[in-house]
Amino acid sequence: MSEKENEDSNASSTYPPAVLKPCTRLILDVPDNLQPIVYSPEYNVTFGFMEKLQSYDVCKWGRTFAFLKEAGLLSEETIIQPLEAQEDDLLMVHPKTYLDSFKLSSKVLGIDLSSLVLLPDCVILNKILRSFRFQTGGTVLAAQLALKRGWAINLGGGLHHCCATKGGGFCPYADMTLAVRFLFENAQSVKRVMVIDLSAHQGNGLGRDFLNDDRVYILDVYNRDVYPHDGFAKRGIRRKVELRSKVEDEDYMLQFRRALDEALAQFEPDLVLYNAGSDVLFGDHTGGMFISPEGIIERDQLVFVKIRSRGIPLVMLMGGGYHRMASRITADSIVNLHRMGLISFGAQGTKATPLAKAIPPPKRNSTRPELFESLLNDGITTESGLWTRFKNFASGSQVKLMPDDAKEQQALRSVEGSFLKGIRRSLSSGTVEKVQF
């Protein structure tokens, strides 16, 4: 065995006996005039000023909604608000012993809450678990909506590190497993489901839950260098693409496109769950990838083109994303899907309308004008090749800063350290600030 195969292989999830018709209360009678985008303010976890101390953005879902509202795509009157998943619903996947374990410690979440030490553990845990119960209800509802409208988006969910018997990685409930199980038992049209998991992290919970289930095909593209290193769960992935840290757009898209084509040639699903994690973004401290905002938008567009052109219902979930820019980029991607005609609002049939022609990838704009202007003001000019290399680095292309002559070497040594620190600080904070040398 390798990696974690020899560590708790018995934790492979086994479903408890299904209770009578769970989750049916989560399926709402939605009017046709409402858009198939699911969101509730209850997704967000608020601790006042202390929430800013957490590295994990516990209000990112609300920020995504706010950006979409600002873009004129959504409003409080047009979104669909889900119900909170209750214990009877969760028992469709999770044993009661697992659910009861939350009463003991927040460690079952697999996260560090030390920055919130001033609050009682039970208060923190209840707030977080309530948020994810609403998101779990949202995933189940979105899956049902996709069957009727052709597509649906849950502005939360994608908790792919949690399996039936074990949570982790800020994933307390197996929302995707629950949605799939519910559809298998209650939707006659759904016999086979494909999961496209594009979070930067391996979806080990899903791999464990569907280890021996031929009805579920998992395509997982992830950074093999980061959490969770779960070798046992890899057995449940039908098509895995293991990338390395610092992978950039071109290689990422090339390998993903090839894997997606192969997956769709091997497996014909009745529904696709798409975990659209934005933790692949350059600057995300957990993902270790160097994917640009344009790369994420292009990736999401490719998924919608490939799946919707085949008339397959598609559910998009938010998944991981820990950079402060994640909410903005997710919203921009959804706006792009709408602009390109890949999602539209109003009543639709049970299958998506096939696209008449291929949609081109989004136009790239790799420049960051505010940043470049500040650099120019500080004396960095376009002479020789130094400015070009600085510009490429700032845009996320990670071109190595190699001077061509002695004059450039001297200039580079004098500014490189402070420049790189400033760039990284600006990108990791999600802001573009004046770089001081």
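**Packing and pairs**

Analyst: Helices H1 and H9 (residues 326-339) pack with their axes 8 Å apart and at an angle of about 45°. This is a predicted model, in which local features need pLDDT of at least 70 and side-chain atom pairs count only at pLDDT 80 or more, while totals for chains, interfaces and linings use all residues. Residues are numbered from 1 along each chain as its sequence is written, and side-chain values use heavy atoms, with hydrogens and water left out.

User: Why is H1 called oblique to H9?

Analyst: Angles under 35 degrees count as roughly parallel, over 145 as roughly antiparallel, 65 to 115 as roughly perpendicular and the rest as oblique. The angle between H1 and H9 is about 45°, and that makes the pair oblique.

User: Which residues make the contact between H1 and H9?

Analyst: With contact meaning heavy atoms within 4.5 Å, H1 contributes Lys60, Arg63, Thr64, Phe67, Leu68 and Glu70, and H9 contributes Ser327, Arg328, Thr330, Ala331, Ile334 and Val335.

User: What makes the pair Arg133 and Glu84 a salt bridge?

Analyst: A salt bridge is a side-chain nitrogen of Lys or Arg within 4 Å of a carboxyl oxygen of Asp or Glu. The side chains of Arg133 and Glu84 meet at 2.7 Å, N to O, and by this rule the count comes to 15 salt bridges. Arg133 lies in helix H4 (residues 121-149) and Glu84 in the loop between H1 (60-70) and H2 (87-90), so the pair ties together parts that are 49 residues apart in sequence.

User: How do you know that Arg239 and Glu262 are joined by a polar contact?

Analyst: A polar contact is a pair of N or O atoms within 3.5 Å; within protein, one must be able to donate a hydrogen and the other to accept it, and residues adjacent in sequence count only if both atoms are side-chain atoms. The side chains of Arg239 and Glu262 are joined by such a contact at 2.8 Å. Arg239 belongs to strand S5 (residues 239-243), and, leaving aside neighbours within four places in sequence, Arg239 is in contact with Tyr217, Ile218, Leu219, Asp220, Ala259 and Glu262.

Terms used:
Helix = DSSP H or I, 4+ residues; strand = E, 2+ residues; numbered from the N terminus. Axes fitted to C-alpha atoms, helices over the stretch in contact; angles between N-to-C directions.
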